[in-house]
Amino acid sequence: TIPIPLLIFMRTKQSLRLLLQKIFLMKLKLQFKQLSLRKYDRFFVASILYFAAVNYSLTTMTTTRTDIIIIGAGLSGIGAACHLVRKNPEKTFIILEARAAVGGTWSLFQYPGIRSDSDMYTFGYSFKTWDDQKSFADGPSILKYINEAADEYRLRDHIIYEQKALTYNFNTQEKLWTVTTVNPRTGEQAIYKSQFIFSCSGYYNYAKGYTPDFKDQTQKYKN
């Protein structure tokens with residue numbers, strides 16, 4: 001195991017490198033003096049491997065800086081990005097999407113009969129008229145509509161897929177937001193910084209649907 005004082009002490013990439021060098025030099029010095037290393041070997045090997053892994057994660061975690069970060073590439077996220085392109089073309093932005101597809105709700109849920117519960121003439125974008133004859137549109141039609149908007153405003157290059165937001169932190173000195181994300185498939189983390197965040201992630205829990213807690217439900221409502 002790694003001693004707790006060492007874990008607390010190592011907080012920066014520079015100190016991590018220095019400690020790794022010191023541990024390695026200590027190991028060499030002990031070898032040169034022909035001392036018995038058995039009682040030290042476990043500590044040295046564990047320390048070197050641990051700090052090498054931490055240092056690797058720190059140096060390989062990428063940081064991206066933009067003016068605006070949009071969370072989610074669904075109907076709202078794509079709409080927000082279109083407005084930025086139309087009204088603030090000088091601003092830089094990215095769209096962080098946890099899944100590997102555009103559309104949000106309308107690409108995730110594909111059960112038979114799924115449709116909008118609002119008429120698309122008011123639910124749709126103000127800058128892109130709804131031309132379909134169906135006012136209460138089905139899911140595939142809405143998904144097509146969202147993808148058309150993404151293509152018309154050239155948003156594909158702004159979308160970073162498989163980036164699930166883990167934490168949001170605001171630094172008052174830098175006046176910047178820091179968003180830490182993880183790739184659900186690989187576990188790789190990344191850092192994004194911006195002045196503003198547009199939260200367009202919706203209100204569904206994609207990982208697990210809501211299940212009410214009924215008393216004795218496992219017994220009375222089995223099957």
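Tyr125, Phe127, Trp130, Tyr145 and Tyr153 are linked into a cluster by ring pairs. The model is predicted, and it holds 5 aromatic pairs.

**Tyr125 and Tyr145**

- The ring centres of Tyr125 and Tyr145 lie 5.3 Å apart with the planes at 20 degrees, so this pair is stacked.
- Tyr125 sits in the loop between helix H6 (120–123) and helix H7 (139–152), while Tyr145 belongs to helix H7, so the contact ties together parts 20 residues apart in sequence.
- Tyr125 has a relative accessible area of 11% and is therefore buried.
- Tyr145 is also buried, because its relative accessibility is 4% and the cut-off for buried is under 20%.

**Trp130 and Tyr145**

- Tyr145 also pairs with Trp130: the ring centres are 5.1 Å apart and the planes stand at 70 degrees, so the pair is edge-to-face.
- Trp130 is in the loop between H6 and H7 and Tyr145 is in helix H7, so this pair ties together parts 15 residues apart in sequence.
- Trp130 is buried, with 9% relative accessible area.

**Nonpolar surface patch**

- Leu108, Tyr203, Tyr204 and Tyr206 form a nonpolar patch on the surface, and together they have about 450 Å² of accessible area.
- One of these residues, Tyr206, is located in the loop between strand E8 (196–199) and helix H8 (217–220).
- Tyr206 counts as partly exposed because its relative accessibility is 33%.

Key:
Residues numbered from 1 in each chain as written. Predicted model: local features only at pLDDT ≥ 70, side-chain atom pairs only at ≥ 80, totals over all residues. Heavy atoms only, no water. Patch = residues over 30% accessible without salt bridge, like charges linked within 9 Å, V, L, I, M, F, W, Y side chains within 5 Å. Areas by Shrake-Rupley, 256 points an atom, 1.4 Å probe, with all protein chains shown as cover. Salt bridge = Lys/Arg side-chain N within 4 Å of Asp/Glu carboxyl O. Helix = DSSP H or I, 4+ residues; strand = E, 2+ residues; numbered from the N terminus. Buried < 20%, exposed > 50% of the residue type's maximum accessible area, 1.4 Å probe, protein only. Phe/Tyr/Trp six-rings, centres within 6.5 Å; stacked < 30°, edge-to-face > 60°.
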